[in-house]
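Work through the exercises below with the sequence and the model at hand, and try each task before reading its solution.

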Amino acid sequence: MSGFGGDGARPAVHPADPHGGPFLRTRFAVPARPPTFLRRRRLTEHLDQALRTPLTMVNGAAGAGKTLLVADWAGSGAGRSGGTDIAWLTTDTAGQGSVMFWAYLLEALRTSGAGLPDDLAVPARAPGVDPALPARLAAELSARERPVTVVLDEFDRVTDPEIHAQLEFVLHHAGRGLRLVLVTRTEPLLPLHRYRAAGELTEIRGAELAFTPSEAAALLACHGLRLPAADVRALVTRTEGWAAGLRLAALAAAQSPDPRTQLREFEADRTTIADFLLAEVLKRQPPATQDLLLRISVLDRFSAGLVNALTLRTDAEAVLAGLSRANAFVEHLGHGQYRLHPLFAEILRAHLRMRYPGMEPELHRRAARWLRDSGGLTEALAHAAAAGDQDFTAAVLVDDLAIGRLFTGQHADDTAGLFARTGPGGTAPAAHLVGAARDLARGDLDGGLTRLRRAEQALGPIPPLPAADAPDGPADLRPAGDPERAGDPSDGPVPGAAARLSCALLRALAARLAGAPARAEAAAETADRLRDAVPGPLVDGHPEFDALLRTHVGAARLWAGRFAEARAALSAVTGAGADRAATAPPRADALGLLALIDYLDGRLGAAERAAHAAIAEAERYGLPRPAGSGVEHLVLAALALDRDEMGQARTLLDAVDGCEPAVRDPVAEAGRAIVAGRLHLARGEPRAALKAVDVEIPAERPSPWARRERADVEAAAHLAEGRAATAAELLANLPDEQGTGAVDAARVELAAGRPARAVHLLDRAGPGRRGGPGVTVRAALVRAQAADAVGDRATALRFVARALKEARHERLRRPFVDAGPWIRPLLGAPPLDRLAAGWLTRGDPAAPYEPSAPDAERRPPVVEELSGRERDVLRRLALMMSTQEIAADLYVSVNTVKTHLKSVYRKLAVNRRGEAVRRARELGLL
């Protein structure tokens with residue numbers, strides 16, 4: 001008789017183990033679940049697959065909830081309802097070997113009610129397990145009609161390879177008679193790859209064991225805690241769903257008078273969580289591994305090389321791999337990268353400070369050096385700042401030629417913030433450079449120049465360098481990809497070359513802010529010569545450096561009125577590295593400046609396209625503020641004025657006033673004053689226009705175009721109040737390369753009753769030869785008015801027709817409004833009436849365009865098309881939904897909705913919700 005019959009008779013119980021002691025019955029008992037245990041159906045349903053595969057492995061870290069999960073599944077009758085007996089064994093073979101393991105396993109089978117032959121046992125005091133025992137057990141199990149499920153809890157304690165081999169033999173040959181469930185922290189020494197390939201392995205690992213926010217909320221409720229969803233999500237994020245961490249935190253909170261605050265602010269190193277992790281994880285490791293874990297606790301993520309650098313050892317790769325396999329709260333992220341569980345890292349750091357006081361800064365320095373040398377600049381800077389040494393942190397940044405990171409990229413504010421946390425300012429040249437960069441970024445020109453001079457004095461004079469050989473002059477910097485850029489090694493290194501090159505960049509920025517074009521060119525020339533002294537990989541690795549330098553030089557040239565040279569420098573920025581996030585801010589800045597150049601040249605369409613491209617570039621990379629001086633918005637405001645869309649112009653101008661641009665240079669300051677003055681003129685407010693442009697713009701050298709544009713506004717204001725002589729005096733002898741000044745001077749002559757003189761001025765200046773419709777339309781209208789004044793109607797009609805044809809494409813309305821009443825009869829005469837209909841005269845040839853018509857009737861176009869998601873937000877805005885309701889309805893965060901709303905307001909040129917809805921309805925968007 002085999003004892004596997006169905007008569008229910010139980011075999012005799014062996015009273016003693018092979019060593020003569022009693023069997024410990026607690027090892028056969030399914031662990032009891034605590035009253036606060038939460039059954040998770042998704043996991044028990046997954047465990048039900050254990051009845052369909054020979055092998056199941058529940059693998060997770062200490063406290064992941066493995067044992068209680070399987071105990072709940074086994075104790076709930078899931079196994080028996082599936083037609084299988086369940087035998088439970090909590091394994092413990094420390095110092096006992098295979099004899100005790102098999103003795104306990106056989107006893108667990110007998111205890112479960114699965115009868116075994118009396119002679120199937122491990123002999124007392126045997127030197128080892130009889131090789132025939134696994135074969136006999138497999139044969140008995142394979143003959144069973146009713147399979148048995150064996151749960152081996154804490155199987156990671158079984159380290160004897162012989163036991164693993166014998167167990168796999170039994171599993172393989174028992175067939176459908178055995179279902180084996182291993183609860184373990186480590187992977188067993190079984191051929192798991194074969195079981196996976198054959199579809200005969202059920203696995204539940206740490207990621208699946210982690211609690212979801214809804215499960216965590218239910219678990220907290222079991223402890224009598226009901227918290228807002230946001231608090232639960234924050235707790236799950238901090239614990240990463242670790243079961244023991246959640247339970248221990250809940251137990252502590254339940255005893256606190258303020259459970260919500262306790263869960264939100266608990267200090268992991270001072271809780272029972274710390275006791276658990278120190279006992280169950282850290283102290284189970286050898287002393288050398290404990291020391292390694294303490295040292296790497298200062299790292300967010302790490303590779304074996306970085307760990308070796310911190311610990312001064314060479315075996316980190318094997319140690320980390322072993323810890324990861326053992327689920328010792330060291331997670332392998334792939335590609336040789338690891339990380340510690342956040343709670344474990346927090347506790348280890350506190351333990352590090354107690355065991356090795358004062359070591360933490362040195363560990364951060366070692367990490368910073370290794371990461372810098374390995375190309376991990378962002379992480380290197382973070383560790384250098386954590387060391388609390390500003391000189392060292394600044395050197396990491398400057399020596400890598402990364403000073404541009406303080407001005408570019410999404411991490412510019414983060415990089416600047418690192419230096420705000422490093423304590424008192426340093427005294428080394430690099431620290432002075434970083435301080436200068438931060439001052440200049442805030443627009444503090446005096447402070448920036450003071451720090452910059454200190455850095456240059458500390459560095460000393462620049463050694464003799466070979467003259468740059470760029471074909472277009474020193475300021476037209478050679479591109480980073482130029483093969484001639486790399487220096488000749490025979491030239492020898494230049495001490496502090498990266499720092500000196502950084503000085504040149506900051507000099508160029510300071511020159512831009514100061515309106516000093518000559519100093520910007522000198523800085524660019526120095527940079528061009530120094531570049532060869534810097535290792536090529538540094539320059540190639542920081543494309544933002546050249547982009548910033550060219551943009552600052554281009555802005556300085558623009559201020560000086562050297563439009564062609566400015567366009568060359570700025571176009572080089574917009575055309576290079578278009579896919580690099582690091583160069584997005586200078587690209588957006590350069591596009592805005594190019595838009596202004598196009599506008600001043602009268603090329604309105606090109607100006608509009610460049611301005612929109614600047615805004616799109618900033619939005620594409622999520623730049624947190626105007627990437628440059630914000631002149632693209634000023635250009636769009638000026639274009640709105642030219643189209644007689646004054647509401648749009650006012651909104652855009654207000655948007656400029658309400659933002660904090662990255663660069664406050666004279667170009668932007670002058671542009672803002674001029675657009676404001678023109679807006680007042682369009683509203684019939686000449687005195688306010690004079691006040692708007694009467695601002696002092698600090699600049700080392702006056703700008704010819706800014707001077708001319710200001711004089712144009714002032715002249716128009718005086719002309720509006722009948723002071724033609726004053727207006728003429730303002731416009732006399734002004735520099736004017738584009739011919740716009742000649743147009744304004746000619747208008748003054750017309751107002752003074754001298755049409756012939758007006759035409760003579762236009763003929764002499766030849767306005768529009770290099771300009772666009774912004775110039776040529778106004779010039780044509782002046783000629784038309786002069787002809788009309790002397791009774792030459794045919795010539796007047798011809799010039800008005802030319803002006804209409806050129807203005808129609810750009811919707812250039814304002815010149816016709818400013819022309820005065822003489823033009824109205826001409827606009828109503830054929831064929832001009834058809835040329836003006838629809839865009840200038842609102843579709844009725846008999847009704848000339850009226851400047852007093854409300855903006856709503858003219859329906860100015862949207863500055864940019866709304867995206868699909870922005871339209872979704874707008875539709876819900878029209879339904880009077882709150883920001884929170886919109887976020888819930890669209891399944892996005894409140895911050896995302898706010899971002900979309902800001903974009904909608906900007907594109908619709910409004911400031912409030914109600915205005916956005918009204919404007920959208922006017923435009924047919926709702």
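**Exercise 1.** Find the volume of the largest cavity and describe its lining.

*Solution.* The largest cavity of this predicted model has a volume of about 140 Å³, where a cavity is a set of points on a 1 Å grid over the protein atoms alone at which a 1.4 Å probe fits but cannot get out, and lining residues have an atom within 4 Å of a point. Next, count the lining: 14 residues take part, and Leu 596, Tyr 599, Gly 671, Ile 674 and Val 675 lie nearest the centre. Then sort them: 11 are nonpolar, one is polar and two are charged. Finally, trace their origin: α29, α31, α33 and α35 each supply at least two lining residues, and the largest share, five residues, comes from α33.

Residues are numbered from 1 along each chain as its sequence is written. Local features need pLDDT of at least 70 and side-chain atom pairs count only at pLDDT 80 or more, while totals for chains, interfaces and linings use all residues, and side-chain values use heavy atoms, with hydrogens and water left out.

**Exercise 2.** Determine how α31 and α32 are oriented to each other.

*Solution.* The axes of α31 (631-642) and α32 (646-657) come within 8 Å and cross at roughly 165°. Because angles over 145 degrees count as roughly antiparallel, α31 is roughly antiparallel to α32.

**Exercise 3.** Is Asp 300 buried or exposed?

*Solution.* Start with its place, which is the loop between α14 (287-296) and α15 (304-311). Asp 300 has 68% relative accessibility and therefore counts as exposed (over 50% relative accessible area, with a 1.4 Å probe and protein chains only).

Note on methods
On a 1 Å grid over the protein atoms alone, a cavity is a set of points where a 1.4 Å probe fits but cannot get out, and a pocket is an open set with protein on both sides within 12 Å along at least five of seven lines; lining residues have an atom within 4 Å of a point. Grid points are joined across faces, edges and corners, and a volume is the space filled by probe spheres set on the points. Helices (H or I, at least four residues) and strands (E, at least two) are DSSP runs, numbered from the N terminus. Ala, Val, Leu, Ile, Met, Phe, Trp, Tyr, Cys and Pro count as nonpolar, Asp, Glu, Lys and Arg as charged, and the others, Gly among them, as polar. Buried means under 20% relative accessible area, exposed over 50%, partly exposed in between (1.4 Å probe, protein chains only). Axes are lines fitted to C-alpha atoms, for helices over the stretch in contact, and angles run from 0 to 180 degrees between N-to-C directions. Angles under 35 degrees count as roughly parallel, over 145 as roughly antiparallel, 65 to 115 as roughly perpendicular and the rest as oblique.
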